[in-house]
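Morning, everyone. I have one structure to walk through today, so please bring it up on your screens.

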Amino acid sequence: RTRTLSLPPAAPMDPDLVSLTSVHLFVSLQPGTGSYTATSTLQYQTIGPVDTLVFHAKGLKIQGLKATQNKRQLVVASRSEPNDSHEVWLKFADYIDVGKVAVMVSYAGSISDTNLYGVYQCTHTKSRDKVFMTHMEPGYAKEAFVCGDDFSIRPRWTVELQVPSGMHALANMPLQTTKDGGKAGKIFIFHETPPMPAYLLGFYVCPCELQVAQQTYHSQLDGADVPVRILYHKGSTEAPQILTAALQGLQLFEDYFATTYGLPKLDVVFTPRMMLGGMENWGLIFLNDSDTKSQGKGKKADEKLIDLLMHEIAHQWIGNMVGFPFWVKEGICCFLEQRMGDIVNGRKSKAPPGKASAVQSDVAQDCKDDAKKASETGNAGLMFSGLTYQRSQTFIEDHANKLGDARFRDWLREIVAYNIHEYVSEE
């Protein structure tokens with residue numbers, strides 16, 4: 001049977017009074033102009049009297065805004081400019097009734113050809129295909145779309161992409177339908193996601209249909225059949241190997257967490273250029289093709305690629321299905337990358353012996369300080385440092401060694417089982 005989703009309420013933005021429960025995102029790409037227009041319809045749920053709502057935006061040209069409740073337009077008394085935290089505050093003339101409130105924001109953004117984040121364009125070196133893609137982690141979503149850009153804010157997303165005729169689009173969820181967009185091209189409409197943070201939103205638009213290696217993964221936990229596709233431009237030779245590894249990885253992680261993968265499909269796309277080796281967009285993993293080729297050929301390069309894939313598949317549970325702070329999820333996935341990479345690559349385990357190492361007690365604080373510095377400087381890329389990954393992995397390794405692998409696995413199973421589609425804080 002095919003897996004379908006049961007979508008629970010999203011985690012609250014303000015647990016006391018208001019939560020952002022869903023976002024309907026319509027994006028019209030205009031490649032010739034180097035820009036796009038978009039509309040974000042933010043659905044809030046209030047559970048108490050509020051006269052202010054908040055969303056994030058950075059560097060976007062807001063062109064229109066309308067708030068409604070029960071088909072009644074609400075009067076916005078004032079709208080702040082984005083502050084240092086890139087928050088836009090909407091102050092209403094009166095308190096809002098308890099219930100659902102829709103805020104529709106139309107705006108324009110830029111398609112970068114230099115920065116490898118937000119919405120950007122790049123060209124595949126061999127096929128010469130020009131593609132349009134996204135990178136949102138850790139805090140770039142607000143530079144692409146009006147949204148709630150915080151790891152703890154987990155609305156459901158419905159994405160519509162309007163692209164020029166002849167172009168093809170992929171997103172986190174399976175395609176629901178397409179429709180004619182007139183002179184503006186074709187509109188791709190995708191199924192709604194489960195609750196997830198904005199940094200996991202991804203799409204990939206290219207001028208041709210990608211080559212595909214595909215096989216169905218059959219879950220032993222719930223009997224669902226999940227299509228797994230490796231998508232690539234001409235010139236990639238890793239697809240069959242990666243498909244085999246992806247299928248094995250899904251089974252290993254379902255066994256490890258005792259929880260199903262949870263989405264109705266998994267796409268892995270070899271992309272032309274990225275700021276990192278890979279990105280775990282939920283249901284739409286990106287692997288950096290140029291980075292892969294720079295590793296050369298041979299067994300060692302193949303193992304590194306599979307290790308990277310295991311890292312991104314681990315994130316489908318740790319960070320995606322269950323939210324964590326950046327350094328916590330990366331530490332756990334670095335730990336699991338090593339364990340599962342050893343199995344898939346058929347090599348002797350590189351895991352340290354089951355003893356607690358003498359880890360400094362301030363490792364966790366160092367990781368938090370890295371995140372704070374990135375936030376204060378506005379340079380989200382500072383969180384992508386080898387030092388942050390090394391520190392966080394050391395912290396997780398220490399706890400795993402203290403507990404032993406089996407107890408550590410059971411601890412993770414419990415966290416995942418009790419917090420599906422929710423956010424788990426550092427504490």
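Predicted model: local features only at pLDDT ≥ 70, side-chain atom pairs only at ≥ 80, totals over all residues.

Overall figures, then. The protein chain has 427 residues, and 54% of them count as buried. Its secondary structure comes to eight helices and 20 strands. The accessible surface is about 18,300 Å², with 49% of that belonging to carbon and sulfur atoms. Now sequence range. Take the contacts with a separation of 6 or more: 70% of them are between residues 24 or more positions apart.

Start with the open sheet of eight strands. Reading across, the order is β5-β4-β8-β2-β1-β11-β14-β13, and the pairing is mixed. Which strands stand at the edges? They are β5, residues 72-73, and β13, residues 175-180. Each has a single partner strand, so one side of each is left without a neighbour in the sheet.

Strand β4, residues 61-69, runs antiparallel to β5, and two bridges join them. Gln69 stands opposite Arg72 there.

Further in, β2 covers residues 35-46 and pairs antiparallel with β1, residues 18-30, over twelve bridges. Gln30 has Ser35 as its bridge partner. The hairpin of these two strands has four residues between them, and Gly34 takes a positive phi near 70 degrees. β2 also pairs with β8, residues 99-110, again antiparallel and over twelve bridges. In that pairing, Ala38 stands opposite Tyr107.

Next, the open sheet of five strands. Here the order is β16-β17-β18-β20-β19, also with mixed pairing. The edges are β16, at 211-218, and β19, at 278-279, each pairing on one side only. Two bridges hold β19 to β20, residues 284-288, in the antiparallel sense. Gly278 faces Leu287 across that pairing.

Helix α2 packs on it, touching β16, β17 and β18, and its direction makes about 25 degrees with that of β16. Helix α4, residues 299-315, lies across β18, β19 and β20, running at about 150 degrees to β20.

Now the core. The largest nonpolar core has 121 residues. Leu29, Tyr36, Phe145 and Trp317 have the most contacts inside it. Which element gives the most to this core? That is α2, with eleven residues.

Stay on Trp317. Setting aside neighbours within four places in sequence, its contacts include Leu250, Phe253, Glu254, Phe257, Val322 and Val416. Trp317 also belongs to an aromatic cluster, together with Phe253, Tyr256, Phe257 and Tyr261.

In total, the structure holds 14 aromatic pairs. Take Phe145 and Phe203. Their ring centres are 6.3 Å apart and their planes are at 50 degrees, so the pair is tilted. Phe145 lies in the loop between α1 and β11, while Phe203 is in strand β15, so the pair ties together parts that are 58 residues apart in sequence. Buried or exposed? Both Phe145 and Phe203 are buried.

Pro138 sits in the loop between β10, residues 130-135, and α1.

Ala258 lies in the loop between α2, residues 239-257, and β18, residues 266-271. Its relative accessible area is 45%, so Ala258 counts as partly exposed.

His421 lies in the segment after α8, residues 405-418. How does it stand on burial, buried or exposed? At a relative accessible area of 12%, His421 is buried.

That is the tour. Thanks.

Notes. Residues numbered from 1 in each chain as written. Heavy atoms only, no water. Pairing = 2+ DSSP bridges. Phe/Tyr/Trp six-rings, centres within 6.5 Å; stacked < 30°, edge-to-face > 60°. Buried < 20%, exposed > 50% of the residue type's maximum accessible area, 1.4 Å probe, protein only. Contact = heavy atoms within 4.5 Å. Areas by Shrake-Rupley, 256 points an atom, 1.4 Å probe, with all protein chains shown as cover. Axes fitted to C-alpha atoms, helices over the stretch in contact; angles between N-to-C directions. Core = buried A, V, L, I, M, F, W, Y, C linked by side-chain atoms within 4.5 Å.
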